[in-house]
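This report walks through one protein model and its ligand. Keep the structure open as you read.

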Amino acid sequence: MSTQVIRTVVGLRDRLASVRRAGASIGLAPTMGALHAGHGRLIERTRQETDCVVVSIFVNPIQFNQNDDYERYPRDLARDLEFCRARGVDIVFAPEIDEMYPSPQRAFVEVELLTEHLCGRFRPGHFRGVATVVMKLLNIVQPDRAYFGEKDAQQLAVIRRIVRDLAVPVEIVPVATLREPDGLALSSRNQRLSAAERRVAPALYRALERAGERIAAGASDVEAVKKEAHAALEGLPGVRVEYLEVVDPEDMQPVDRIAGPVRVTAAVWVGATRLIDNVLCPLAAVTQVTERA
Ligand code: AMP
C-alpha cells in the first residue's frame, strides 16, 4: 500500500475512522521531520507492532524558546516522504502551522516537577510546548500506541506522566537510542556540526558511558562522577557543558546517592549546536556489581 499524505485534521480523522471501523490498530510516531535512521527505528517498531502506521511531521513553534532555532530547524518534506514510503508508513500527517494552531493557543498542558531540571531549566517553556502538541496529536490521531525515543528521556518521562495523570487511553512505547558507530546519538541537529565539531561530538556519549560504568561499578559519590565527566568534556575545543546530571528516571530529579536505577543525562554545546544524550543505569547492573564487591 502506498503512503498517503494528509495535511488537515478533518482529513486525518476521516481516514482513521475507516481504519478503526475495519478493526485495525493505529500506531503514531510523532516527529519534527528531517528524518534519519533514529526516526527510522521508531517507524520500524511502529510498523512491527501496529496495523496502521501514522508518522506526524510538524516543526512545533511553541516548543522553541529561541526564534532563530525554530527558523534554522532543518526541513525537507519531499525527502521525508520518500523516507516514510521506503519504510511502509501508511499515513504521513504533515499539517501547516495554521492547521495545528488556527487561533492563538490559550490552553496548554503543564507537567510539574519533571520539567524543573535539565532541559526544562535551560529551555523555559519547551516542555509546555512539547506536552501541548503531543496531547493535541494524541487527541487527533487517538492511536493505540505512540512511540518515543529514549534519546529525549525527559520528554519521554513527561509524556508518560501526562498519560498517567490525565488518563489518556494510549500505550507509550519507548524506543532505544540509535547511535553512529562512534557512539554519537543520531539527531537532526548533527547536520549542523562542522567536520571538526563532528569529530569531538562523540565525547558526549563517551563521558556519559564512563559515568554510567562508574555508577554500575558501585561509585557512591555522585559529585565525583559528575566532576570527572565534566572535566572530560570541558577541555575539548568548542565544547561547553550546559548541564550534566544523575537523575531518577521517573521524576527526573537529581540524586546525590544511588539507591535505584538512574539516568546520567547531559546537554552540551558543540560550537553553536546543542546536543543532548543520556544513558540508563538499571538497578540490576548496580546491585549485581555491588554484590560482587
Ligand atoms: P524529533 O524529530 O527530534 O522531535 O524526534 C522525533 C522522535 O524520534 C522522538 O521521540 C525522538 O526521541 C526520536 N529520536 C530522535 N533521535 C533518535 C535516535 N537517535 N534514536 C532513537 N529515537 C530517536
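## The ligand and its polar contacts

How far does a polar side-chain atom of Asp-152 lie from an oxygen atom of the ligand? The separation is 2.6 Å. That falls under the heading of a polar contact: a pair of N or O atoms within 3.5 Å; within protein, one must be able to donate a hydrogen and the other to accept it, and residues adjacent in sequence count only if both atoms are side-chain atoms. A backbone N or O atom of Leu-178 sits 2.9 Å from a nitrogen atom of the ligand. For Leu-186, a polar backbone atom is 2.9 Å from a ligand nitrogen. Taken alone, the ligand exposes 480 Å², and the protein buries 92% of that. Such accessible areas come from the Shrake-Rupley method with a 1.4 Å probe; for residues, only the protein chains shown count as cover.

The model is predicted: local features need pLDDT of at least 70, side-chain atom pairs count only at pLDDT 80 or more, and totals for chains, interfaces and linings use all residues. Residues are numbered from 1 along each chain as its sequence is written, and side-chain values use heavy atoms, with hydrogens and water left out.

## The shell around the ligand

There are 17 residues around the ligand. A residue qualifies as near if one of its heavy atoms lies within 4 Å of the molecule. His-39, Gly-149, Asp-152, Leu-178 and Leu-186 come nearest. The shell divides into 8 nonpolar, 7 polar and 2 charged residues. In this scheme Ala, Val, Leu, Ile, Met, Phe, Trp, Tyr, Cys and Pro are nonpolar; Asp, Glu, Lys and Arg are charged; the others, Gly among them, are polar.

Which elements give two or more residues to the shell? They are β2 (26–31), α2 (37–49) and β5 (145–149). The largest share, 3 residues, comes from α2. Helices (H or I, at least four residues) and strands (E, at least two) are DSSP runs, numbered from the N terminus.

## The overall fold

The protein has 12 helices and 9 strands. Its radius of gyration is 20 Å, close to the 19 Å that the globule rule gives for 293 residues, so the protein is as compact as a globular protein of that length. The radius is taken over C-alpha atoms, and the rule is 2.2 Å times the number of residues to the power 0.38. Those C-alpha atoms fill a box of roughly 60 × 40 × 40 Å along the principal axes.

Buried residues make up 52% of the 293. Buried means under 20% relative accessible area, exposed over 50%, and partly exposed in between (1.4 Å probe, protein chains only). The protein exposes about 13,800 Å², and carbon and sulfur atoms supply 50% of it. Among contacts (heavy atoms within 4.5 Å) between residues at least 6 apart in sequence, 73% join residues at least 24 apart.

## Two buried polar residues

Asn-278 lies in strand β9 (residues 273–281). It is buried, at 5% relative accessible area. Its side chain makes a polar contact with the side chain of Arg-263 (2.7 Å). The Asn-278 side chain also reaches the backbone oxygen of Lys-151 at 3.0 Å. Beyond four places in sequence, Asn-278 touches residues including Glu-150, Ala-153, Arg-179 and Leu-208.

Asp-80 belongs to helix α4 (residues 77–86). Its relative accessible area is 1%, so Asp-80 is buried. Leaving out residues up to four places away in sequence, Asp-80 touches Gly-33, Ala-34, Leu-35 and Ile-57.

Most residues other than glycine have a negative phi. Gln-142, in the loop between α7 (126–141) and β5, has a positive phi near 50°. Gln-142 is partly exposed, at 49% relative accessible area. Ala-167 also has a positive phi, near 50°. This alanine sits in the loop between α8 (153–165) and β6 (171–175). At 61% relative accessibility, Ala-167 is exposed.

Pro-254 is found in the loop between β7 (239–247) and β8 (262–270). Pro-254 is partly exposed, at 33% relative accessibility. It touches His-117, Glu-245, Val-246 and Val-247, not counting residues up to four places away in sequence. Its C-alpha atom is separated by 37 Å from that of Ala-94, 160 residues apart along the chain.
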